Amino acid sequence: MTGYLLKNCAAVITDEGRGPSVRRNVDVLTNGPQIEAIGEGLHRSELPAGTIVQDADGWFVYPGLVNTHHHFFQCFVRNRADLDWTKLSVIEWLDRIYPIFSRLNQDCFYHASITAMAELIKHGCTTAFDHQYNFPLHAGKRLIDRQFEAADLLGMRFHAGRGGNTLPKSEGSTIPDEMLETTDEFIADCARLIDTYHDTSPFSMRQVVVAPCQPVNCYRETFVESVSLARDRGVRMHTHVGEGESPIIEARHGMRTVDYLEDLGFAGRDTFYAHCWELTHDELRLMAASGTGVSHCPEPVYLVGAEVTDIPAMSAFGLRVGLGCDGAASNDNSNLMHCIHSAYMLQCLAASTRAHPVPAPVDFLGYATTGGAALLGRNDIGRLSPGMGADLFAIDTRRMDYVGTRHDPLSLIAKVGIGMPTDMTMINGRIVWEKGAFTGLNEARLAADAEAAFAAVEF
C-alpha cells in the first residue's frame, strides 16, 4: 500500500496515550495502514519508495472520527415533516414509524448504507458502527452482508451491529409482525456474521457487535442468549437504553432498564448503550462501576425536548463516553463532526441546571475519537501517533471561516463547528475523499442509484 507524506501541516492533533496535544508546523508520514512518523522536516529525509508527497500548508490534521451509534437504513426516511415526534413520546413515535421501516427491501439497505457512510466520510468519520435492527421478512437475512459490501466500496472501517426485535406487538412491543424474528433466528445470524466477517487483527476493517434493538421490544431470553454468544465469541454488545422505556421495563420486570440489564449480565467493559438521557445518577454510577459505556447522540435531544443528557455527571462519575449520529429518523443527517458541536452547545445550554461543570471543548473531540474507539474495543485507532492506524482528516484553515480561531485547534470543532466537508479524509492509510470527490467513485452515479432504490418503494 502507498505511503503519504503530509508536508508542513499547520497543526496536527497528536496523542501519545496521555491526552491530545497540538504540534505545529510538522509533517505526517504514513506507511501502509499506519502512522510511521510525526515530526519536523520529515520531507527532507529519505522517504520510502513510492511515498506520495502532499503539500499540507494551512492544514489542521485531526484523528478520524469514530461513530458509535447509527441506523443507516433510516436515510430513506428523512426530511419527513409529517413524522413530527416533538408531539409524541418515543414509544408513540416508534409505533408510527416502524410500519414505514418494514417496507424497505434489500436494495434500500445497501444504498442507504452507501448514503450514510458517504456523508460520514465527507465530514471526517473514518470508523462507523451501525445498529441495523430492521430485518423485514421480505428483505431476507443478508442485509448486513450488503452493508459490508457498501463499506468496502467506500473504504470505510465498519463495525456492524446485528440488531433484532423478538417481542410481538400483541405482547407489548412497538414492532410490526413483518419485522419480527425469533431469538433463535437472531442468535443464529449473529453467529453467522461473526464467523464470516469478524476480524480482530490490527487495523481490522470489519467487526461485528451483538446488538438486540432494545429491551422493550425483545424477550428476556434474547438478551440472555446475546450475552452468552458475545462472551463466548469475544465480541462487543450494544442496545438502546434510557430513552423513555424505563417505566415500561419496570412494569414488566420490576426494575428499571439499567438494573434489568445488569441483572442479565448485559453490562460491562464489552458493552455500551445508546442515548441514556433519562438515567438517574445512581444508574450512571452503576454503569461506571461495571465499565458499561455510553454512546451519546446529541441530535435526537433536540427532537425529544425532554431533557439534555447529563454528560457532566457521566464525566464526573468516570463513564466511558462516545458520540453517535443516530439514525436519520431522529437526526436527518449523518454528520458526526456536527454532533461534536451540538453535544458541546447542548451542555452549555443546560449548564446552570447541572451539579457538575461542562467538560472542556476538547473532551467532546475526545468522545468522538478515543472515546469511540474505546467503546468499540479498538486500541489501534482514535488518535494520531506512530504505530496507530492512519485514519485522519484535514481541514484547510486558510479561509475566512477560521479567522480568529486558529490559535486553538483542540477546541475548534466543539466551539466553532466545521460547516463544510473536509479537504481530505484518509482511512487505513488510503485517501478516500479529497478535493470534493470520492477516490475512484462517481458520486453523482451513487446518488442516482440510491434515489432509484428509494423511489421503488412505496411509502
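In this tour, Ala, Val, Leu, Ile, Met, Phe, Trp, Tyr, Cys and Pro count as nonpolar, Asp, Glu, Lys and Arg as charged, and the others, Gly among them, as polar. The model is predicted, so to speak of a local feature takes pLDDT of at least 70 and a side-chain atom pair counts only at pLDDT 80 or more, while totals for chains, interfaces and linings use all residues. Residues are numbered from 1 along each chain as its sequence is written, and side-chain values use heavy atoms, with hydrogens and water left out.

A cavity here is a set of points on a 1 Å grid over the protein atoms alone where a 1.4 Å probe fits but cannot get out, and lining residues have an atom within 4 Å of a point. The structure holds one cavity of 30 Å³ or more, and the largest cavity has about 140 Å³ of space. Grid points are joined across faces, edges and corners, and the volume is the space filled by probe spheres set on the points.

Next, colour the lining by class: seven residues are nonpolar, six polar and two charged. Then show helix H1 (residues 90–101), which gives the largest share of that lining, four residues. Helices are DSSP runs (H or I, at least four residues), numbered from the N terminus.

**Stop two: H4 and H5**

Move on to helix H4 (residues 183–197) and helix H5 (residues 220–233), which pack at an angle of about 20 degrees with axes 10 Å apart. Axes are lines fitted to C-alpha atoms over the stretch in contact, and angles run from 0 to 180 degrees between N-to-C directions. That angle makes H4 roughly parallel to H5; angles under 35 degrees count as roughly parallel, over 145 as roughly antiparallel, 65 to 115 as roughly perpendicular and the rest as oblique. H4 passes H5 in a right-handed crossing. A crossing is right-handed if the near helix is turned clockwise from the far one by less than a right angle, and left-handed if anticlockwise.

**Stop three: H2 and H14**

Now pick helix H2 (residues 106–122) and helix H14 (residues 443–455), whose axes come within 9 Å and cross at roughly 140 degrees. That makes H2 oblique to H14. Their crossing is left-handed. Show side chains on Asp107, Cys108, His111, Ile114, Thr115 and Lys122 in H2, which meet Glu443, Leu446, Asp449, Ala450 and Ala453 in H14; contact means heavy atoms within 4.5 Å. The residues of this contact divide into five nonpolar, two polar and four charged.

**Last stop: H7 and H8**

Finish at helix H7 (residues 257–264) and helix H8 (residues 281–290), packed at about 25 degrees with axes 10 Å apart. H7 passes H8 in a left-handed crossing.

Methods:
Helices (H or I, at least four residues) and strands (E, at least two) are DSSP runs, numbered from the N terminus. On a 1 Å grid over the protein atoms alone, a cavity is a set of points where a 1.4 Å probe fits but cannot get out, and a pocket is an open set with protein on both sides within 12 Å along at least five of seven lines; lining residues have an atom within 4 Å of a point.
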